[in-house]
Amino acid sequence: MKILVVGRVGQLGSALAEVLPGRYETKFLDQPDIDLAAPSSLREIVLSSRPAVVINAAAYTAVDRAESEAALAHTINAEAPLVMASACKEIDAVFMHYSTDFVFDGASGVPYTENSPTAPASVYGQSKLAGEEAIAAATERHVILRTAWLYSSVGHNFLKTMLRLAEGGSEIRVVADQVGSPTYAWDLAQVTWAIVDALGRGSEDRFGLYHAVNAGVTSWHGFATKIFDLIGWKGVRVRAISTEEYPTPAPRPRFSALSCERLRQTFDLTLPDWQDAVARCLQRLRVENGAGSTSL
Ligand SMILES: NC(=O)c1ccc[n+]([C@@H]2O[C@H](COP(=O)([O-])OP(=O)(O)OC[C@H]3O[C@@H](n4cnc5c(N)ncnc54)[C@H](OP(=O)(O)O)[C@@H]3O)[C@@H](O)[C@H]2O)c1
């Protein structure tokens, strides 16, 4: 089976490449060979590759910058997926894509399901929701995985920011009144390939939208505390602050727990507990930085 993956250099794209099953003929494309900011070029790229599955791991992910770059965010996160999904429809390929907890306003007190009403409060969230809707309208043969709080040993993310800040001081202020599920890109990649496997076995009735996050919920403060507990940095004090004490251009959902029941019931897939995933990512960083390294 031929698979085209868009975006290898990001957090998720790197993980997809790393856990890539050998049984597929897989081609990865990044800039400058593909540019989602130029959607008119994408149809030809998809058609000429003739894949059975296109996986789009690329996106405009600069949540705060999107507030002042709405047109570009919309082009990359909504128009480009629409063109790729439409091209997939032409050749009967499956389009796999990722979305975000930012499609919700965070006012709920119970985990969001795929049927919960959306109400994105940020430009990024709006662009991702527009992408979801465009894909669903373009082709039935799609799988969209909504994830949240993604991190990995590569790229820019909360976990790596915490480690960097800890090197510069003994107190770190972290928001404690936003809760969600930190999700390890490696686990999301495993789930992605398991879904590709299932679709390859003929699961034609399982297309659609799924939530896919590591199990369990915490706050950013809880996430940071776990990181420092696991690496044993006793000198770092993680001080809990409120959202108001850490203003950002783009509003964040206060509550973004996502129910992954549909993923479990449909594909028999569950992502591991978030705390276990953080431990594995830190272990990975230790190996990458050399065993015994004091700075991980
Ligand atoms: N990060 C999160 O916390 C989070 C949370 C929820 C959902 N998601 C979703 O999960 C998916 C993966 O996110 P991620 O964290 O892996 O993202 P990431 O690390 O920011 O990577 C994004 C990728 O998109 C590529 N890209 C950006 N603009 C492009 C363009 N014009 N043409 C081609 N490629 C372009 C980037 O390439 P360059 O580096 O070369 O620009 C990079 O490979 C995305 O759909 C994202 O919306 C992420």
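The model is predicted.

Start with helix H7, residues 220-231, and helix H9, residues 274-289. Their axes come within 10 Å and cross at roughly 50 degrees. That angle makes H7 oblique to H9. The crossing is right-handed.

Now look at the residues that meet there. H7 brings Gly222, Phe223, Lys226, Ile227, Leu230 and Ile231. H9 brings Trp274, Gln275, Val278, Ala279, Leu282 and Arg286. Eight of these contact residues are nonpolar, two are polar and two are charged.

Next comes the largest nonpolar core, which has 35 residues. Within this core, Leu159, Phe223, Ile227 and Phe228 touch the most other members. Several elements each supply at least two of its residues: helix H5 (158-168), strand S7 (171-175), H7, strand S12 (237-241) and H9. Take Leu159 as an example. Leaving aside neighbours within four places in sequence, Leu159 is in contact with Tyr151, Phe223, Ile227, Val278, Cys281, Leu282 and Leu285. Another core, of 32 residues, lies apart from the largest one. Its members include Ala15, Ala17, Ala189 and Phe267.

Finally, turn to Val54 in strand S3, residues 53-56. Is Val54 buried or exposed? Its relative accessible area is 0%, and buried means under 20%, so Val54 is buried. Which residues does Val54 contact, leaving aside its neighbours within four places in sequence? They are Leu4, Val6, Val46, Cys88, Val94, Phe95 and Met96. Ala212 is 158 residues from Val54 in sequence. In space, the two are 18 Å apart, C-alpha to C-alpha.

Conventions: Residues numbered from 1 in each chain as written. Predicted model: local features only at pLDDT ≥ 70, side-chain atom pairs only at ≥ 80, totals over all residues. Heavy atoms only, no water. Axes fitted to C-alpha atoms, helices over the stretch in contact; angles between N-to-C directions. Helix = DSSP H or I, 4+ residues; strand = E, 2+ residues; numbered from the N terminus. Parallel < 35°, antiparallel > 145°, perpendicular 65-115°, else oblique. Left-handed = near helix turned anticlockwise from the far one by under 90°. Contact = heavy atoms within 4.5 Å. Nonpolar A, V, L, I, M, F, W, Y, C, P; charged D, E, K, R; others polar. Core = buried A, V, L, I, M, F, W, Y, C linked by side-chain atoms within 4.5 Å. Buried < 20%, exposed > 50% of the residue type's maximum accessible area, 1.4 Å probe, protein only.
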